[in-house]
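Please look first at the model on the screen.

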Amino acid sequence: MIPLTHFLALGAILFLIGAAGVLMRRNAIMILLSIELMLNSVNVTFVGFARQWADLTGQVFAIFIIAVAACEAAVGLAILISLNRDRQMVNVDEINLLKW
Amino acid sequence: MELLFFYIFAAGIVGASLLMVTRANVIHAALSLVLAFLFMAGLFVLAGAEFLAGVQILVYAGGIMVLYLFSIMLMNVGVSIRLRQWHRQSVLALAAALLLAAEIWMVLGRGGYPEARRWPWKLGETPGNVEALGQVLYTKFLFPFEVASMLLLAAMIGAIVLAKRRITR
């Protein structure tokens, strides 16, 4: 029997790795990939709680999170492709049109 | 035995994610993330979420990550490998991430978790995880399910519009 705290600790570690990736990397695709990792770390936590309570609500929420992650990936990549095609930008610190 | 496999999968996930965050080549990073997702599917089977493990492999590793790889190939990322990979603010960002770590540690350390319960079914029995999940998804969570499908439709149309249109200067 795996204790619940193991799932929670693993989820927290993955969330922190993803958060560090989002905050520290310059490449916009790397930021999107790190966001995927953060969403998945929440899935680990949900599945751990679903197992602890023997309740399927956590797993249903994980499915919804996967749906939202698919939407996020599609829209984010569309934005990146149009930025890359029209302005040849990949790094987030070059995208400063709204900055003065 | 269960705990041993949990540690194996957890070590695989954490190792692959660390590899993902630190790669300069975006394609290598995406492939490391696929590896992390596959380990995560194993973890889901261990936690009694067999349907979610299948979805993880089919939708995440097979769908979303392939979309990422195709988009990476559409973009010109070869140049960015030789550029500086880390933000100028990255020291500050690392400090913020460590602060977040301390906060999560404090919240999780308070304890008071519920007693563990057993699933009412076993692996391979007929009213198993997939049937139970379908039952609950199409009755109790029908409305969120429909909202999720609308969200997917909106994201699909939005992605097509965004990627097709050219910005006129």
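I begin with two helices of chain B. On the α2(B) side, B:Val26, B:Ile27, B:Ala30, B:Leu33, B:Val34, B:Phe37, B:Leu38, B:Met40, B:Ala41, B:Phe44 and B:Val45 are in contact with B:Glu50, B:Leu52, B:Ala53, B:Gln56, B:Ile57, B:Tyr60, B:Ala61, B:Met65, B:Tyr68, B:Leu69 and B:Ile72 of α3(B). Contact here requires C-beta atoms, placed from the backbone, within 7 Å. Helices are DSSP runs of H or I with at least four residues, strands are runs of E with at least two, and both are numbered from the N terminus. The residues of this helix contact comprise 20 nonpolar, one polar and one charged. Nonpolar covers Ala, Val, Leu, Ile, Met, Phe, Trp, Tyr, Cys and Pro; charged covers Asp, Glu, Lys and Arg; the others, Gly among them, are polar.

A word on provenance. This is a predicted model, in which local features need pLDDT of at least 70 and side-chain atom pairs count only at pLDDT 80 or more, while totals for chains, interfaces and linings use all residues. Residues are numbered from 1 along each chain as its sequence is written, and chains are lettered from A and ligands numbered from 1 in the order in which they are written.

How are α2(B) and α3(B) packed? Helix α2 (residues 26-46) and helix α3 (residues 50-74) of chain B pack at about 175 degrees with axes 8 Å apart, the axes being lines fitted to C-alpha atoms over the stretch in contact and the angles running from 0 to 180 degrees between N-to-C directions. That makes α2(B) roughly antiparallel to α3(B), a term for angles over 145 degrees.

Turning to chain A, there are three helices and zero strands, in the order α-α-α from the N terminus. Its C-alpha atoms fill a box of roughly 55 × 25 × 20 Å along the principal axes.

The two chains meet through 59 residues from chain A and 75 residues from chain B. On the chain A side, α3(A) gives the most, with 21 residues. That side divides into 42 nonpolar, eleven polar and six charged residues.

Finally, the largest nonpolar core has 66 residues, and A:Leu33, A:Val47, B:Phe44 and B:Leu52 have the most contacts inside it. Such a core joins buried Ala, Val, Leu, Ile, Met, Phe, Trp, Tyr and Cys residues through C-beta atoms within 7 Å, buried meaning 20 or more other C-beta atoms within 10 Å of a residue's own. α2(A) gives the most to this core, with twelve residues.

Technical notes
Angles under 35 degrees count as roughly parallel, over 145 as roughly antiparallel, 65 to 115 as roughly perpendicular and the rest as oblique. A residue is buried if 20 or more other C-beta atoms lie within 10 Å of its own, exposed if 12 or fewer, and partly exposed in between; C-beta atoms are placed from the backbone.
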